[in-house]
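Q: I am new to reading structures. Can we go through some features one at a time?
A: Gladly. Look at the structure first.

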Amino acid sequence: MRTSPFALHAAAAVTGVLLLTACGSQQAGSDALSEGGSARAEGKAGGKGTSSLPGAFSCVPRTRPGASAAPTPPVLSGDPAKLEKDGVKITNLGGDTRACADFTVANHGAQALTYTIAFTFMSDEGRALTNTVSVVPAVKPGQTVRRVVTADGLPPDARAEARVAITKVRTVPAAEAPAKDGACPPSGTRVYADDGDAAMGLRAVSIHLENCGSEVTQLNGYPKLQLLDAAHKPAEGVRVLHGGSAISTGTGADGAPRPIALKPGERAYAVMVWRNTVENGEPVNAPYVRVRAKEGAAPVIVTPELDLGTTGKLGIGPWKKDETPRSPGGSPDRPRP
């Protein structure tokens with residue numbers, strides 16, 4: 001079973017619900033842009049839904065048939081104080097041709113941050129209809145960015161009364177954010193994590209590296225990992241083991257390290273594997289992992305949502321050359337043993 005760790009954990013942590021009214025369009029260059037700069041929100045695996053490009057769309061309540069000319073205000077359901085989380089706030093609602101919600105992202109920190117935000121669209125009865133994960137990159141300190149999240153493809157009877165909730169917010173320094181696409185980073189390599197697999201308490205997530213530069217990239221051994229908690233502090237009480245056999249076999253994290261020379265356009269991967277078994281002791285959760293492809297490499301922070309239980313162990317396999325064909329969307333599938 002293929003499950004996004006971020007969406008898996010977010011779906012269980014609904015923090016606020018809004019009853020949607022209606023949707024409309026807005027011209028480019030409007031209030032859908034940011035205050036103090038611009039950024040882009042984009043959909044991510046974890047459910048069916050999207051976030052608009054800057055200024056392309058805004059979720060605007062419309063007047064209900066037979067009502068006055070004034071737009072119908074949003075109807076809140078649940079604790080309004082929970083409609084704002086970690087600098088993210090839902091500000092407007094809609095649900096005519098699509099279920100949608102405007103939201104803002106405010107960076108109150110001292111450095112530029114990339115935000116990954118999980119939303120859950122639900123029925124009026126509270127049944128989850130779809131999960132959507134939006135990425136808002138490089139929000140500068142003191143900047144507020146306005147964006148819209150939508151859930152396309154819902155039936156009319158569902159989208160007309162659909163509710164939306166902020167379920168989880170994760171942030172990483174923009175300078176260490178994963179780069180799955182777009183411009184090639186200064187390092188000449190893209191590093192990111194995939195959606196992973198989860199079954200019977202066993203978790204496996206692959207770290208991918210693509211040589212997007214013009215020189216050959218040399219790899220030999222294991223990625224260098226640092227586990228971080230929700231406050232971005234080093235997680236304690238966890239051993240990072242080379243190879244996955246101490247956790248489970250057949251995960252793709254086994255085998256001896258071998259030298260790899262990646263030509264421009266070629267890729268490699270390494271598999272993280274763990275169990276979320278809980279016995280005696282305090283469970284360890286480490287949402288973030290700072291990854292260095294090798295000693296001295298530029299760090300990248302991925303968000304695999306490590307729920308390590310009380311095992312105290314994370315296995316990491318060696319770098320292996322990735323020969324997996326790319327999917328029609330251009331992204332490689334997770335290599336499998």
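**Reading strands and rings**

A: We begin with an open sheet of 3 strands, in the order E16-E21-E22, with antiparallel pairing. Keep in mind that this is a predicted model.

Q: Which strands are the edge strands of this sheet?
A: They are strand E16 (224-228) and strand E22 (300-302). Each of them pairs on one side only. On average, neighbouring strands of this sheet are turned by 25° against each other, direction ignored.

Q: What holds strands of a sheet together?
A: Strands pair through backbone hydrogen bonds, either parallel or antiparallel. Here, E16 pairs with strand E21 (residues 288-292) in the antiparallel sense, over 5 bridges.

Q: Now strand E14 (residues 202-211). How many of its residues are buried?
A: 10 of the 10 are buried, so E14 is largely enclosed by the rest of the structure.

Q: Where do the side chains of a strand go?
A: In a regular strand they alternate between the two faces of the sheet. In E14, Leu-202, Ala-204, Ser-206, His-208 and Glu-210 point one way. Arg-203, Val-205, Ile-207, Leu-209 and Asn-211 point the other way. Both sets are buried.

Q: Which strands pair with E14?
A: Let us take them in turn. Strand E12 (residues 189-193) runs antiparallel to E14, joined by 5 bridges. Thr-189 has Asn-211 of E14 as its bridge partner. Strand E13 (residues 197-199) is also antiparallel to E14, with 3 bridges. There, Ala-198 stands opposite Arg-203. Strand E19 (residues 267-275) pairs with E14 in the antiparallel sense over 9 bridges. In E19, Tyr-269 is the bridge partner of His-208.

Q: What do E13 and E14 form?
A: They form a hairpin, with 2 residues between the strands. Met-200 sits in the turn and has a positive phi of about 50°.

Q: How many aromatic pairs does a search of the whole structure find?
A: The search finds 1. A pair of aromatic rings is described by the distance of the centres and the angle of the planes. For Phe-103 and Phe-119, the ring centres are 5.0 Å apart and the planes are at 50°, so the pair is tilted.

Q: Where do these two residues, Phe-103 and Phe-119, lie?
A: Phe-103 lies in strand E7 (residues 99-106), and Phe-119 in strand E8 (residues 113-122). The pair therefore ties together parts that are 16 residues apart in sequence.

Q: Is Phe-103 buried or exposed? And what about Phe-119?
A: Buried means under 20% relative accessible area. Phe-103 has 1% relative accessibility, so it counts as buried. Phe-119 has 1% relative accessibility, so it counts as buried.

Key: Residues numbered from 1 in each chain as written. Predicted model: local features only at pLDDT ≥ 70, side-chain atom pairs only at ≥ 80, totals over all residues. Heavy atoms only, no water. Pairing = 2+ DSSP bridges. Helix = DSSP H or I, 4+ residues; strand = E, 2+ residues; numbered from the N terminus. Axes fitted to C-alpha atoms, helices over the stretch in contact; angles between N-to-C directions. Phe/Tyr/Trp six-rings, centres within 6.5 Å; stacked < 30°, edge-to-face > 60°. Buried < 20%, exposed > 50% of the residue type's maximum accessible area, 1.4 Å probe, protein only.
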